Amino acid sequence: MYEPKSLVEDTSQASRTSGGQPRQRTLKSAINCTGIGLHSGKKVTMTLRPAAPDTGIVFRRIDLAGGGAEIPAHWSRVNDTRLCTCVANSEGVAVRTIEHLMAALAGQRIDNLKIDINGPEVPIMDGSAAPFVFLIDCAGVVEQDRPRKAIKILKTITVEDGGRVATLTPDSGFAIDFAIDFANEAIRRQELSVQLAGPRFKAEIARARTFGFEHEVIALRAAGLAKGGSLDNAVVVGVDNTILNEDGLRYDDEFVRHKVLDAVGDLYLAGYPILGRFQAHCSGHAMNNRVLAALFADPDAWCLVPASESAALPAPAMTAPARRAIA
Ligand SMILES: [Zn+2]
């Protein structure tokens, strides 16, 4: 497998301006991939294109008349969080299932990108962010002549809904504490605390796949959803609580790692990387979006700052409250 060295170099001093300030980044060249939409089951081609400084991440639906309805990847554009994260522009043009791609962009520190897509849904690939990380690595990354900014969390913001809780709290880097608690014997309670600066996302989170339950898959199909879902793009827990995928899990705690992956992608819809700690109990796309809405509703809770040295440097080792082997 092609494994460029540029990412390693890009997290070093080479990523800084002369003042030690991290710079914005985009891709060195355009790159595309083809896959199927998880819910539509339809083939879709997506092209990641370099974009100018301060563009942010912008989707373009090139299949529509006029050839380019743009949809900014921004929390305020989220219009559906059932099963996936969906963003839409003011005309209602939408793109679904953006979260794993957004996670890869956050993890690989891509600030500016135009994403051309010829359908309503980002391809699901293998159900993780790893294929998108690979695409980014293949295209290469360039630094741009503009400092990188970050959203610094200044005070604790919490949203709750039933037993679900999502909190953003001040921290010197970007960290996630995530806990899930399923009655299902194959999952049960899983917790993970991870610092996500530097190469950690790629090494420890990116390969975790989305997951579902066999009985839910049957119900979703009956409702016309998850048409593209298969054991090639999701971990499926069978009705007898076994993992139906022939090769089993990629990590012992792949389920909670995928929830961390989803949170990384959803939180990148803030428009900038976050300098803060995200703490979640049984959170999902809806709660991830609600905590951003609550944050930005309070002007005293955040400020835009230059991205710090600490946020760009490799962080201390990951710790798990209940230590588990890393596959
Ligand atoms: Zn996901």
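**Figure 1. The residue that follows helix α2.** Helix α2 is followed by Arg-109, whose phi is positive, near 55°. The structure shown here and in the other views is a predicted model. Thr-97 is buried, because 21 other C-beta atoms lie within 10 Å.

**Figure 2. The whole protein, for orientation.** The protein has eight helices and 19 strands. Of its 327 residues, 45% count as buried. Among contacts in the protein with a separation of 6 or more, 75% are between residues 24 or more positions apart.

Figure 3. Nine of the nine residues of α2 are buried, so the helix is largely enclosed by the rest of the structure. These buried residues are Glu-99, His-100, Leu-101, Met-102, Ala-103, Ala-104, Leu-105, Ala-106 and Gly-107. Ala-104 is one of the buried residues of α2. Not counting residues up to four places away in sequence, Ala-104 touches Ala-129, Phe-132, Val-133, Ile-136 and Ala-206.

**Figure 4. The crossing of helices α2 and α6.** The axes of α2 (residues 99-107) and α6 (residues 254-267) come within 7 Å and cross at roughly 80°. The two helices are therefore roughly perpendicular to each other. On the α2 side, the contact is made by Glu-99, His-100, Met-102, Ala-103, Ala-106 and Gly-107. On the α6 side, Leu-261, Asp-262, Val-264, Gly-265 and Asp-266 take part. The residues of this contact divide into five nonpolar, three polar and three charged.

**Figure 5. The largest nonpolar core.** In soluble globular proteins, nonpolar side chains tend to be buried together. Here the largest nonpolar core has 85 residues. Those with the most contacts inside the core are Met-102, Ala-104, Leu-105, Val-260, Val-264, Leu-267 and Leu-269. Helix α6 supplies the largest share of this core, seven residues.

Figure 6. Strand β3 (residues 43-50) pairs with strand β9 (residues 113-117) in the antiparallel sense over five bridges. In this pairing Pro-50 stands opposite Leu-113 in β9. Strands β4 and β9 run parallel and are joined by five bridges. Arg-61 stands opposite Ile-117 in β9. The pairing of β4 with β5 is in the antiparallel sense, over four bridges. Arg-60 stands opposite Glu-70 in β5. Four of the five residues of β4 are buried, so this strand is largely enclosed by the rest of the structure.

Figure 7. Arg-164 has its place in strand β13 (residues 164-169). Arg-164 counts as partly exposed because it has 15 C-beta neighbours inside 10 Å. From C-alpha to C-alpha, Arg-164 and Ser-283 are 5.5 Å apart in space, although 119 residues separate them in sequence. Leaving aside neighbours within four places in sequence, Arg-164 is in contact with His-281, Cys-282, Ser-283 and Met-287.

**Figure 8. Ala-226 in its loop.** Ala-226 is found in the loop between α5 (214-222) and β17 (235-237). Its phi is positive, about 55°, although Ala-226 is not a glycine. Ala-226 counts as buried because it has 23 C-beta neighbours inside 10 Å.

Conventions. Residues are numbered from 1 along each chain as its sequence is written. This is a predicted model: local features need pLDDT of at least 70, side-chain atom pairs count only at pLDDT 80 or more; totals for chains, interfaces and linings use all residues. A residue is buried if 20 or more other C-beta atoms lie within 10 Å of its own, exposed if 12 or fewer, and partly exposed in between; C-beta atoms are placed from the backbone. Two residues are in contact if their C-beta atoms, placed from the backbone, lie within 7 Å. Axes are lines fitted to C-alpha atoms, for helices over the stretch in contact, and angles run from 0 to 180 degrees between N-to-C directions. Angles under 35 degrees count as roughly parallel, over 145 as roughly antiparallel, 65 to 115 as roughly perpendicular and the rest as oblique. Ala, Val, Leu, Ile, Met, Phe, Trp, Tyr, Cys and Pro count as nonpolar, Asp, Glu, Lys and Arg as charged, and the others, Gly among them, as polar. Two strands pair if DSSP finds at least two bridges between them. A nonpolar core is a set of buried Ala, Val, Leu, Ile, Met, Phe, Trp, Tyr and Cys residues joined through C-beta atoms within 7 Å.
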